Amino acid sequence: FRMQAMSSAPNAFERVVALSQHRDFHLANPNRARSLLYAFAAGNPVAFHRPDGAAYRFVAGMVVELDGLNPQVASRIVGSFNQWKRYEPVRSALMKAELERIASRPGISKDVSEIVERALER
């Protein structure tokens with residue numbers, strides 16, 4: 001999962017989405033979640049920061065889902081959005097919107113909430 005998540009192939013994002021539905025991928029398994037989602041968000045800047053924001057929406061959605069299963073791993077992955085202010089205005093706004101979407105979720109864990117709130121304050 002990690003190798004494919006960090007691939008420089010043009011279809012890397014689509015591959016990550018497909019892998020999230022693979023029979024061997026289980027979001028509840030912290031090693032699988034990190035090997036796919038964290039490796040993609042932190043280790044594949046070209047695919048993660050695609051101009052349409054689709055990867056931001058995907059990762060943020062997975063963070064929300066993962067938060068109910070493993071808040072510690074979810075908080076690690078959501079940290080990939082921490083530098084949102086350092087990007088050009090379009091990407092920055094897309095990343096901020098996803099952070100705000102996560103922050104507005106009822107029942108968000110303290111782990112994820114702390115990371116998101118700090119990122120939004122920066």
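**Exercise 1: The aromatic cluster**

Find which residues the ring pairs link into a cluster in this predicted model.

*Solution.* Start by marking the aromatic side chains in the structure. Ring pairs join Phe13, Phe40, Phe48, Tyr56, Phe58 and Phe81 into a cluster. Next, count the pairs: the total comes to 7 aromatic pairs.

Now take one pair and classify it. A pair of aromatic rings is described by the distance of the centres and the angle of the planes. For phenylalanine 13 and phenylalanine 58, the centres are 5.9 Å apart and the planes stand at 80°. Planes over 60 degrees apart count as edge-to-face, so this pair of Phe13 and Phe58 is edge-to-face.

Phenylalanine 13 belongs to helix α2 (residues 12-19), while phenylalanine 58 belongs to helix α5 (residues 54-67). The pair therefore ties together parts that are 45 residues apart in sequence.

**Exercise 2: Buried or exposed?**

Decide whether phenylalanine 13, phenylalanine 58, methionine 3 and serine 80 are buried or exposed.

*Solution.* You need two cut-offs here: buried means under 20% relative accessible area, and exposed means over 50%.

- Phenylalanine 13 has a relative accessible area of 10%, so Phe13 is buried.
- Phenylalanine 58 has a relative accessible area of 15%, so Phe58 is buried.
- Methionine 3, found in helix α1 (residues 2-5), has a relative accessible area of 69%, so Met3 is exposed.
- Serine 80, found in the loop between α6 and α7 (89-103), has 15% relative accessibility and therefore counts as buried.

**Exercise 3: How do the helices pack?**

Describe how α5 packs with helix α6 (residues 71-78), and then with helix α3 (residues 30-43).

*Solution.* Begin with α5 and α6. Their axes are 8 Å apart and the packing angle is about 160°. Angles over 145 degrees count as roughly antiparallel, and α5 and α6 are therefore roughly antiparallel to each other. Their crossing is left-handed. On the α5 side, the contact is made by Val59, Val63, Leu66 and Asp67; on the α6 side, by Pro71, Val73, Ala74, Ile77 and Val78.

Then turn to α3 and α5. These axes come within 11 Å and cross at roughly 145°, and this crossing is left-handed. From α3 the contact uses Ala33, Leu37, Phe40 and Ala41; from α5 it uses Ala55, Phe58, Val59, Met62 and Leu66. Look back at the aromatic cluster: Phe40 and Phe58 are among its members.

**Exercise 4: Around serine 80 and tyrosine 38**

Find which residues serine 80 touches, not counting residues up to four places away in sequence.

*Solution.* Serine 80 touches Tyr38, Ala41, Ala42, Phe48 and Met95 under that condition.

**Exercise 5: Sequence and space**

Find how far alanine 119 is from leucine 99, C-alpha to C-alpha, and which residues alanine 119 contacts beyond its neighbours within four places in sequence.

*Solution.* First locate the residue: alanine 119 is in helix α8 (residues 110-121). Ala119 has 0% relative accessibility and so counts as buried. Along the chain, alanine 119 and leucine 99 are 20 residues apart, and their C-alpha atoms are separated by 8.0 Å. With those neighbours left aside, alanine 119 is in contact with Asn82, Trp84 and Leu99.

Definitions and conventions:
Residues numbered from 1 in each chain as written. Predicted model: local features only at pLDDT ≥ 70, side-chain atom pairs only at ≥ 80, totals over all residues. Heavy atoms only, no water. Phe/Tyr/Trp six-rings, centres within 6.5 Å; stacked < 30°, edge-to-face > 60°. Helix = DSSP H or I, 4+ residues; strand = E, 2+ residues; numbered from the N terminus. Buried < 20%, exposed > 50% of the residue type's maximum accessible area, 1.4 Å probe, protein only. Axes fitted to C-alpha atoms, helices over the stretch in contact; angles between N-to-C directions. Parallel < 35°, antiparallel > 145°, perpendicular 65-115°, else oblique. Left-handed = near helix turned anticlockwise from the far one by under 90°. Contact = heavy atoms within 4.5 Å.
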